[in-house]
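Please read them with the structure open beside you.

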Amino acid sequence: MSKKIFSGVQPTGNLHLGNYLGAIKNFVSLNNNKENKCIFCVVDLHAITVKQDPDELKKNIRETVATFIASGIDPKKSIIFKQSRVAAHAEAAWILGCVARMGWLNRMTQFKEKAGKDKEKASIGLYSYPVLMAADILLYDATHVPVGDDQKQHLELCRDIAQKFNNDFEVENFLQVPEPLIQKEFSRIMSLKDGSKKMSKSELSDLSRINLTDTKDEIINKIKKAKTDTLSMPKNLNEIEERLEVKNLLGIYASLSDTTLEKSIENFAGKNFSEFKEKLSQILINKIVPISSEIKKLLSDQKYLDQILLDGVEKADLIASKKIERIKEIVGF
Ligand code: TYM
């Protein structure tokens, strides 16, 4: 069945292995299937929900496009565009914000994590961020949304908003209720320093993540310093339940070699960590270094990257402006 795919990535720098294994890798395989129509959005409106340096933001937008392409997304087979250039996103977010309920947003765990202890100081944008995400998806009638596990709750909210809009305005099936595409395994890659925390670009220590722009030496060093424990390599799934860091590293190994966690445990059972870490570094280098070099190459051709965004925005705007016009009519504007 042909799918309409929509997903977004924030241009906040330091795209990492979590973004790749949790989301971008999946974008590539969906994009390779000719039946699918894919739209990938650089969500700069989402990025400014926390303070951004304007020059850095510009640079990170290009870097995100470069990362998409370097990872294997073909810009000829998909629409790649910048969210802020399609006015319908902000307009739809306002209208859907009048449909969404405070109680729903109050349950969002990511806001609680990101706002931290001092919620009073968080931006309003950070709070209503999942509504903008719903607008992104619903404007394009997306049927499937590939994301990492941390976005699951936001997608459930998006489904609730779509259903409530359709009910409130008695327009059955007008807003397409999308299905999340979250991989069963490895959809949450954890920090290399703390297996209970997700790998994230906002984590202070660079040693906690593998960036998609890392060099061979950086990868070797980070894996060498990645936290493990004093026990020997596990022999079965039961043995890793409590050993979060070890489970994460074996998960990364399995995901990169397209095998299961069980198989990768079997591979290394009883061996010592240094041997496993060497193999893990090698497989990471094989995957990440070509992406990293391609990103650098693409970044030296800014015109090419800007042209991709220009072509993309034209196509995206055509779809989104039609949908927002219908939304406005339905609402009674
Ligand atoms: P963002 O920019 O934080 O992350 C981009 C994608 O990477 C996934 N991801 C991870 N997956 C596994 N393990 C990790 N440690 C990890 N860290 C990040 C995220 O789940 C995501 O898929 N709100 C979204 C962007 C967005 C969006 C949308 C997504 C805006 N509009 C519409 C889908 C549809 C976000 O902040 O992702």
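1. The chain holds 13 helices and five strands, where helices (H or I, at least four residues) and strands (E, at least two) are DSSP runs numbered from the N terminus. This is a predicted model, in which local features need pLDDT of at least 70 and side-chain atom pairs count only at pLDDT 80 or more, while totals for chains, interfaces and linings use all residues. Residues are numbered from 1 along each chain as its sequence is written, and side-chain values use heavy atoms, with hydrogens and water left out.

2. On overall shape, a compact globule of 333 residues would have a radius of gyration near 20 Å, and the 21 Å of the chain agrees with this; the radius is taken over C-alpha atoms, and the globule rule is 2.2 Å times the number of residues to the power 0.38. Along the principal axes, the C-alpha atoms fill a box of roughly 65 × 45 × 45 Å.

3. Of the 333 residues, 50% count as buried, meaning under 20% relative accessible area with a 1.4 Å probe, protein chains only. Among contacts (heavy atoms within 4.5 Å) with a separation of 6 or more, 76% come from residues 24 or more positions apart.

4. Helix α10 (residues 244-256) has 13 residues and should span 18 Å at 1.5 Å a residue, which agrees with its end C-alpha atoms being 18 Å apart; the expected span is 1.5 Å times one less than the number of residues.

5. Helix α10 is mostly covered, with 11 of its 13 residues buried, including E245, N248 and Y253. The cover over these buried residues includes α1 (17-32), α11 (261-268) and α12 (273-299). Just after α10, D258 takes a positive phi of about 50°.
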